Amino acid sequence: MQHTRSPFRPIPDICKEVQEETRKHMNQLTKPTGSLGCLEELVIRLAGITGEKIPDVSRKAVVVMCGDHGVAREGVSAYPQEVTGLMIHNFVRGGAAVNVLARQANAEVHVVDVGSLLAEVPEGVINRKVRLGTDNFAERPAMSEEEATEAIRAGIEIVGQLRQKGVQLLAVGEMGIGNTTAGTAIAAALTGQPAAALTGTGTGIRQEGLQRKIRVIEQALEKHRLSAERPLDVLSKVGGLEIAGMVGCFIGAAQERIPAVMDGLISTAAALIAVKLDPKVLPYLFASHLSVEPGHRVLLDALGLEPLLHARMRLGEASGAALSFPIFDAAVAIAREMATFADLGLPDPE
Ligand SMILES: Cc1cc2ncn([C@H]3O[C@H](COP(=O)(O)O)[C@@H](O)[C@H]3O)c2cc1C
Ligand SMILES: O=C(O)c1cccnc1
């Protein structure tokens, strides 16, 4: 098997000793061993990442990567392309679903324009525009490998800056009309599953549109001769600038030892590319929810991760990831606040 050597900074190993300490601690708490299920797994994994027996993930941030897609011209979305730019304005005004969910979770929202069609990037948006939208991948590669790499670097740098500001938990999501087509094409290329089994209705296209979307993906896979062994090629041929930006966020989070929470189909497609580029990203990833998009389950299976929530959501923006944040707080509070068997005068179960 060919191993891709990451051109990016090395990613540290997780701290197995601390992880073991936390596992032991969880077994000493006044409950049957393992009975808090995902909460126990969460806090144990967070301990390994942060190197703290009782991890602190109170400072939370959401990054929304934004970009436009040439493939939207194939009629694969239920909404017009202008919605990407309108939603960028909405994000900085605080009126989108992700803003509401982030406020609930006491998380800050950072909006990044990596490649929207907006001629002027609104105030409050981080401007890392690589170019004005991708090309239509039904006709030619969405972008060059250099452009994809530039967008990846933007994601890495932004997460580095967030680390400097003290961010301890990161949700990574996106906005870009047409990007379920790109995300599904990536899923098909990386997992080898047929497009027809992975493609969903995205923003809500009807039957005819769905058939067209499947055809666009099938033809692109053939045209661009994609291979799971060449993740950067897949990303540049059928991906998107905001998807590349998210790849950078996942790599950056691992470099900085920040737990990174994936959202739905598109965010998880980016995470799988990041893992293909550098397998050491994987231990830093968390699956928040299971999207309605059929490709999402296949991507999560490829990563070997189980989602925390089954909420029938299909929005993107990091909305599902933000919704999962309170579960992280709950997991840490359990580890920090529960009494031990020793507190009750009983021996440990082990
Ligand atoms: C108002 C609105 C807000 C959104 N927020 C996220 N998306 C989501 O829908 C898009 C992907 O679906 P498709 O591939 O069908 O275009 C992305 O922009 C995604 O984040 C939205 C879509 C709309 C219309
Ligand atoms: O699963 C997702 O992330 C998703 C689904 C539909 C539309 N936008 C995003």
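**Close-up 1. The surroundings of ligand 2.** In this predicted model, 13 residues surround ligand 2, and the closest are Gly 264, Leu 265, Ser 291, Arg 314 and Gly 316. Here a residue is near a molecule if its C-beta atom, placed from the backbone, lies within 6 Å of it. Sorted by class, the shell around ligand 2 holds three nonpolar, seven polar and three charged residues. Ala, Val, Leu, Ile, Met, Phe, Trp, Tyr, Cys and Pro count as nonpolar, Asp, Glu, Lys and Arg as charged, and the others, Gly among them, as polar.

Residues are numbered from 1 along each chain as its sequence is written, while chains are lettered from A and ligands numbered from 1 in the order in which they are written. Since the model is predicted, local features need pLDDT of at least 70 and side-chain atom pairs count only at pLDDT 80 or more, whereas totals for chains, interfaces and linings use all residues.

Close-up 2. Helices (H or I, at least four residues) and strands (E, at least two) are DSSP runs, numbered from the N terminus.

**Close-up 3. Helix α6 meets helix α8.** The axes of α6 and α8 (residues 207–224) come within 10 Å and cross at roughly 50 degrees. That makes α6 oblique to α8, because angles under 35 degrees count as roughly parallel, over 145 as roughly antiparallel, 65 to 115 as roughly perpendicular and the rest as oblique. Axes are lines fitted to C-alpha atoms, for helices over the stretch in contact, and angles run from 0 to 180 degrees between N-to-C directions. From α6, Thr 181, Thr 184, Ala 185, Ala 188 and Ala 189 meet Lys 213, Val 216, Ile 217, Ala 220 and Leu 221 of α8; two residues are in contact if their C-beta atoms, placed from the backbone, lie within 7 Å. Seven nonpolar, two polar and one charged residue make up this contact of α6 with α8.
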